[in-house]
Structures are given as structure tokens and as C-alpha cells.
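Please look through the structure below before reading on. The briefing that follows moves from single residues to the groups they form.

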Amino acid sequence: MAPQTAPPAKRQLPSFLVIGVLSTLFYLGLFVAARAFTDPQVANLIALAISAVANTAANRRFTFGITGSEGALRHQLQGAVAFLIGLGLSAGVLALLDLAAPDASRVVEVGGLVVANGLATVVRFLLMKVWVFRTR
């Protein structure tokens, strides 16, 4: 099968941003739901793991124009690197909040996670563009 070519970057960015916003809302919803029964770090891990798989699949199809199952597992495994970076950033924010404001509200936790997720999004796009979904 001939390699698929990705759409130009100017068409990729809007799709990536829409998927990113939807993924972030999904992630935050999962975090808040999980936070009802567990501590912030576990809730973050659960929410980020679930939303990262959905995010990689959506970006594979809609941002980078890759269809079919060929390479899907490899793409998810490479996407796991972006997941680990995001996990490090968000876990770090939650740890800092625990030190600085141990009684922080859910709103403060979510605000910190939005900032961490924004930083992780930039890294995720670059990794996906140059490594995960690079075209030949």
C-alpha cells in the first residue's frame, strides 16, 4: 500500500485545535468524575489515559488523514510518549498544588490542569507532526 500523505500544516492545526478542545473537556470531565471517589493523582491518571487514546485516534484520522488499521497500534504506542509528557506535567501541577495549597478546591485543581494540558498540547502536536504521523 502506498504511504498516505498528510494534509498541509495549515489544514492540520485547526483540526488539531478542535480535537484538543474536545479532548480537554472530555479529560476534565473524567477527572472531576474520578475525583469524586479517589485522590487527584489517581483521578488524573485515569482521565488522562482514557482521553489520550481517544485523542490519538481522532488526530490520526482527522488531523493527519491516516485511515485504516495499518500502523494504528504503533501510533498509539508512540502517542503514549505524548501521554507520559502530559502525565508528568499534570502530575507535577497537582503535586505543587498539594504542597502550596493542600486544601485547594476542585476549581483550582482543574485550573492548574488546564495550564498543564495547554503546555502538553504544544508538545503533543510537535511529536505527532514530526514523529508519530510523519509522512514520507
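**A residue in helix α4**

Asn117 is buried, as its relative accessible area is 10% (buried means under 20%, exposed over 50% and partly exposed in between, with a 1.4 Å probe and protein chains only). This is a predicted model, in which local features need pLDDT of at least 70 and side-chain atom pairs count only at pLDDT 80 or more, while totals for chains, interfaces and linings use all residues. Residues are numbered from 1 along each chain as its sequence is written, and side-chain values use heavy atoms, with hydrogens and water left out.

**Single residues and their contacts**

- Asn117 has its place in helix α4, which covers residues 106-132 (helices are DSSP runs of H or I with at least four residues, numbered from the N terminus).
- Apart from residues up to four places away in sequence, Asn117 touches Thr24 and Arg124, where contact means heavy atoms within 4.5 Å.
- Leu45 belongs to helix α2, residues 40-63, and is partly exposed with a relative accessible area of 41%.
- When neighbours within four places in sequence are set aside, Leu45 is in contact with Phe83 and Leu87.

**Nonpolar cores**

- The largest nonpolar core has 13 residues, of which Tyr27, Leu28, Phe31, Leu48, Phe83 and Leu113 touch the most other members (a core is a set of buried Ala, Val, Leu, Ile, Met, Phe, Trp, Tyr and Cys residues joined through side-chain atoms within 4.5 Å).
- Two or more residues of this core are given by each of the elements α1 (9-35), α2, α3 (72-100) and α4.
- Leu28 touches Val110, Leu113 and Val114, again not counting residues up to four places away in sequence.
- A second, separate core consists of seven residues, including Phe16, Phe64, Val132 and Phe133.

**Aromatic rings**

- The structure holds three aromatic pairs (rings of Phe, Tyr and Trp, the last by its six-membered ring, pair if their centres lie within 6.5 Å, and planes under 30 degrees apart count as stacked, over 60 as edge-to-face and the rest as tilted).
- Phe16 and Phe125 form an edge-to-face pair, with 4.8 Å centre to centre and 65° between the planes.
- Because Phe16 lies in helix α1 and Phe125 in helix α4, this pair ties together parts that are 109 residues apart in sequence.
- Phe16 counts as buried at 3% relative accessibility, and Phe125 counts as buried at 14%.
- One aromatic cluster is formed by Phe16, Phe64, Phe125 and Phe133.
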